[in-house]
Amino acid sequence: MAEPENQPASSTERTPLLGDGNGQEAYHPSESETRTKKAARWLIDHAVILCVTLLLVAVIVILGVFFGVYRSNKPSTESQLCLTPACIHASSEILHNLSPNYQNIDPCTDFEQLTCGGWSERHDLRPDQGDAFTGTFMGENSQTLLRHILEAPYPQDSKHSSFSPAQLVKTFASADQDNFNKLKAAYDACMDEERVKKVGVKPLLEHLHQVADLYPLEKSKSKQSDLSDTILHLAKHLAVTGLVSLGANADDKDPDVVVVQIDPPYSIGLPAKDYYSDNDVVQKYENTLAQIIENIHPLSAGNGNNHSTVLAHDVVEFEKLLAAASPNAEDRNDVTKYYNPLSLKDATMLAPEVDLAKIINNLAPADVKTSRVIVKSPQYLRDLSKILSNTSRDILQTYFIWKVIQNYASVVEAEEIKPYSRFSNELEGKNPESTPERWRTCVTQIDNAYDPNAGLGWILSRFFVEKAFSESAKQFGDQIVSDIKDQFIEKLKSLDWMDADTKTLAIEKVHQIIQKVGYPTTSPNIMNAESLKKFYESVEINSSTFFENTIELNRFGVAAEWSTLGKPVDKNAWQMTVPTVNAYYNPPGNEIVFPAGIMQFPVFDVNLPQYLSYGAFGSVSGHELSHAFDSTGRHYDQNGNYTDWWTDKTVAGFTQRADCFVDQYHNYTIPGPDDKPLHVNGKLTLGENIADAGGVAAAFAAWKKRQKETPNQDLPGLEAFTQEQLFFVGYGSWWCGKSRKGAAISRIYTDPHAPKWARILGTMANSKDFKEAFSCPVKEPVCELW
């Protein structure tokens, strides 16, 4: 029996199985020689097995090295695809927004249909809506959140952040709850619809009688005095504009100083002066006014339909004269036309019947003497003087009464004023009988997004931030805005139509732009309960008097505005509340402001691939920054001073390119009142159209730079698009919208923004990056500035 292979040889010799056949004596080798021969024999016997084993090991090593290098150069499919709940949700939303047959639509010719075809099919306008777009539904999401805040108890157990109620020290917690109670009382008063209906027009009638007493039909000793007293009363106590609009704002040529500004009324009676040339609209408007006069005019109600009809006609004819004297929409915001500094004495002499000096001195703080004002339209005041000299007292009295009714109709529930809501709805193409859900009306009333000092919006903002806005969102927002500024500077450097000296100043202006993201921390500090309490300490709110609360807040807003006279401009103040889905650039302040409300899905989300947030929110950021150099912003230097800091050569280059935008957007049309094409006003919308183009260009460059540093993941189900293309899909999705005919016409007359669909088509036509991303046959933009 052979010895086991790995066992050492014993000292006893082994006899071979078979002996030598010659009978010779056997040879006995040494021990070392025996071991060597055995090893050699074993290798010979196992050579094939060894070779195969070594070959397999080599193959495994080679494959391991190959796949290791491959995986390091190209991430796996799993790592390239974002499958988080946030990404899956975003993909679903985009796919639903896209036209069902998007793969058959040419993006180079109809990107709006490609991007928004599905959106239009699955979004209907409510009966009370004239139009809506993605931002509208974002705003409604914010409103729903605000509703939940307002209808829940004080969140005393919330403790997820340093400013949450449970984290506040006792003193601040008490002030915070007091603020919440004031907020809650205002909301509850508005929501008590039964009481509001029971009160009806009574509180409104009290104010109408005051106006009638201030400006009686019988001429007083001084007509000039009772006219100015009435205008003053409307402005100071009711926040109603009567004949002239008065305010206190930063001086365009000295932006650290607050100055009085005198302006024609933004709305004479109808929403835009253009409507006064539409006979059908004017006739319906007259009929509406006649019904209102018959119902609640303090002196004319019940005098018969004929009297009301004649008086309504005379008032509307008076409004026509005021409208004709007012500047056109495109001239109202043109600083080169509205900046007319005059002494208060000289301004008063333009329309002595109004006595501007008396009104302004009564609105201003007692310790402030006003000697200089900005008259935005001297010609309007001259024409107003002529109009007043030929207008009877009953017409003027009724006009003042009508202005109060228009301003407060939304806070009254009564049949007597229903004709006005029906007319307004019909003008915008809505259901004449439609009204928003009560809670929407009340949230809007409390927030007062665009006049924060005439609502409780800052208290509401505090609880909105506590519930819905994170520090990481604020940091990401700041990052995007900063990236946009960097890329805009690079674009300025590359311009061939701007001379070197102007470029240097322009770059300095970008560096000096103040960016405000999320929410204010001063004026007031909404995170500080004591600061908020002090801010609103003079406001008295009652949980059972909705109409009176509205008056109280309006007076507070007027007083807050005029209290700024004699003080340096507050550079920390915001012009929008935090939940507002919007943003703005303020030329005298040289600041761009982005409330937290606009920083939400689908425009902004820290949990999604960055091309979506840069495509939407980044373009918004770039849009606002571009305003610093548009047809208005270019007139302001890095310190916010209105001055000529561009050379003639640069101005000529800008004007030539800006004219291209005017012509391009003028070619976009909608069906007008008579179904004939109504053209977009290329001059009125110029600044916004320039900003749209500049914003997208800067945002795309900013994202591409970030993409090189940190590659983005893909979204599932959107393999038909590259990431570059999805950047633009993100932009287009932000502007998906629909509009009723009446609302679209109204916006053409008054809105400095082009229709939503035109903001997609026009901006993409002006984007070289878009055309390259989608391989369009023509790569050059139609119009280009930045």
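Let's start inside the protein. The second largest cavity has a lining made of six nonpolar residues and two polar ones, with no charged residues. Keep in mind as you explore that this is a predicted model.

Which residues line this second largest cavity? They are Leu289, Ile292, Ile293, His297, Thr398, Ile401, Trp402 and Ile405.

## The helices around it

Two helices each bring at least two residues to the lining of the second largest cavity: helix 10 (279–296) and helix 17 (393–408). Which one gives the most? Helix 17 does, with four residues.

## The largest cavity

How many cavities of 30 Å³ or more turn up in a search of the whole structure? The search finds two. The largest has a volume of about 50 Å³.

By class, four of the lining residues are nonpolar and three are polar, while none is charged.

## Who builds its lining

For the largest cavity, helix 19 (438–447) and helix 24 (546–562) are the helices to look at, as each supplies at least two lining residues. Helix 24 makes the biggest contribution to this lining, giving four residues.

Notes:
Residues numbered from 1 in each chain as written. Predicted model: local features only at pLDDT ≥ 70, side-chain atom pairs only at ≥ 80, totals over all residues. Heavy atoms only, no water. 1 Å grid on protein atoms, 1.4 Å probe; cavity = no way out; pocket = protein on both sides within 12 Å on 5 of 7 lines; lining within 4 Å. Points joined across faces, edges and corners; volume = space filled by probe spheres on them. Nonpolar A, V, L, I, M, F, W, Y, C, P; charged D, E, K, R; others polar.
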